[in-house]
Amino acid sequence: MRIAWKLGALLAVLVALTSCAPIARDAAPRVEDCSEDQLATLYKGVFTFGTDQPVYPPWYIGDNPTNGEGFESALAYAVAARMGYTGEDVRWVRVPFSEALSNGPKSFDANLSQFSITDQRRAVVDFSSPYFDVTQAVVTVKSSPAAHAASLEDLKPLKLGAQVGTTSYTAAMAMRSANPVEVYNTNGDAKLALREGEIDALVADLPTAFAVADEIRDGVMVGQLPATTDDAEQFGIVLDKGSPLTRCVSSVIDALRADGTLAALQTTWLTDAGKAPVLT
């Protein structure tokens with residue numbers, strides 16, 4: 001009887017310890033934990049997405065993230081839907097690019113503004129699983145000397161521009177241009193500078209560069225920049241550091257990739273990506 005009692009007590013302790021053990025941080029969250037009624041969002045029953053002001057094709061259409069048009073707008077609504085939110089449950093706020101990446105509490109649950117995942121940024125914000133592999137590119141106008149560039153060496157004497165705080169700016173700096181890289185608050189400001197001849201060429205991610213070439217008069221796609229590291233540059237959704245939503249958002253992104261949704265969204269909104277020569 002004493003042995004049986006000890007075994008029973010030991011079993012009870014083991015059951016208690018097992019039921020109280022935390023789930024491993026890298027374990028995939030349960031579906032029921034990623035539903036609208038379980039998520040700790042800023043506002044109960046509402047999922048708040050953030051994005052820059054303004055936003056541009058092909059990521060958003062008409063500077064209107066609420067219409068579900070453009071790759072990132074459509075992706076945001078797809079993510080929300082997988083977690084049980086209807087379109088009416090989605091709220092949008094505008095947050096400057098650099099502010100979204102700064103330390104401190106956020107005014108959004110998740111933000112999609114073509115944020116490249118870097119270790120430096122991971123120190124102050126969370127990132128979801130990546131949803132797009134990025135290539136940087138150079139775009140110009142026919143009247144610019146950059147229109148005739150066929151190599152990175154041809155671009156070095158020229159004046160380049162890029163949006164502040166972006167990996168496009170980092171890529172422009174890495175080209176070791178003879179002139180300082182001009183920095184702009186938004187890609188719209190940089191596009192205006194290109195159109196007015198203040199810079200010879202603009203560095204941006206490839207889909208954005210294609211959009212600029214289409215929108216600006218006499219726009220010319222110069223080409224893609226070669227990868228500078230073995231690790232592919234990737235976009236991820238930004239969340240507050242330590243956000244309880246990060247694992248669920250990542251799990252949804254992984255599911256959207258696995259079932260072909262991400263590929264379908266890219267086909268719909270980013271069809272021109274990859275159709276540019278690589279500059280060497």
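Visitor: Which residues have the most contacts inside the largest nonpolar core?
Guide: The model is predicted. Its largest nonpolar core holds 36 residues. Those with the most contacts inside this core are F49, L75, Y131 and I237.

Visitor: Which element gives the most residues to this core?
Guide: The elements that give two or more residues are β1 (47–51), α2 (71–82), β2 (90–94), β5 (132–134), α9 (246–258) and α10 (261–269). The element that gives the most, with eight residues, is α2.

Visitor: Leaving aside its neighbours within four places in sequence, which residues is Y131 in contact with?
Guide: Y131 is one of the residues with the most contacts inside the largest core. Contact here means heavy atoms within 4.5 Å. With neighbours within four places in sequence left aside, the partners of Y131 are F71, E72, L75, L112, Q114, F235, G236, I237, I253, R257, L262 and Q266.

Visitor: How many residues does the second, separate core have?
Guide: Among the members of this second core are A193, L202, A209 and M221. It is separate, and its residue count is 17.

Visitor: How many aromatic pairs are there?
Guide: Rings of Phe, Tyr and Trp pair if their centres lie within 6.5 Å. By this rule the number of aromatic pairs is 13.

Visitor: Is the pair of F47 and Y85 stacked or edge-to-face?
Guide: The ring centres of F47 and Y85 are 5.5 Å apart, with 70° between the planes. Planes over 60 degrees apart fall in one class. The pair of F47 and Y85 is therefore edge-to-face.

Visitor: How many residues apart in sequence are the parts that F47 and Y85 tie together?
Guide: Both residues, F47 and Y85, are buried. F47 belongs to strand β1 and Y85 to the loop between α2 and β2, so their pair ties together parts whose separation in sequence is 38 residues.

Visitor: What separation in sequence does the pair of Y60 and W92 bridge?
Guide: Y60 and W92 pair edge-to-face, at 6.0 Å centre to centre and 90° between the planes. Both Y60 and W92 are buried. Y60 sits in the loop between β1 and α2 and W92 in strand β2, so the parts tied together are apart in sequence by 32 residues.

Visitor: Which residues do ring pairs link into a cluster?
Guide: F47 and Y85 form an aromatic pair, and so do Y60 and W92. The cluster linked by ring pairs consists of F47, F49, Y60, Y77, Y85 and W92.

Visitor: What percentage of the residues count as buried?
Guide: The protein has 10 helices and 12 strands. Of its 280 residues, the buried share is 46%.

Methods
Residues numbered from 1 in each chain as written. Predicted model: local features only at pLDDT ≥ 70, side-chain atom pairs only at ≥ 80, totals over all residues. Heavy atoms only, no water. Core = buried A, V, L, I, M, F, W, Y, C linked by side-chain atoms within 4.5 Å. Buried < 20%, exposed > 50% of the residue type's maximum accessible area, 1.4 Å probe, protein only. Helix = DSSP H or I, 4+ residues; strand = E, 2+ residues; numbered from the N terminus. Phe/Tyr/Trp six-rings, centres within 6.5 Å; stacked < 30°, edge-to-face > 60°.
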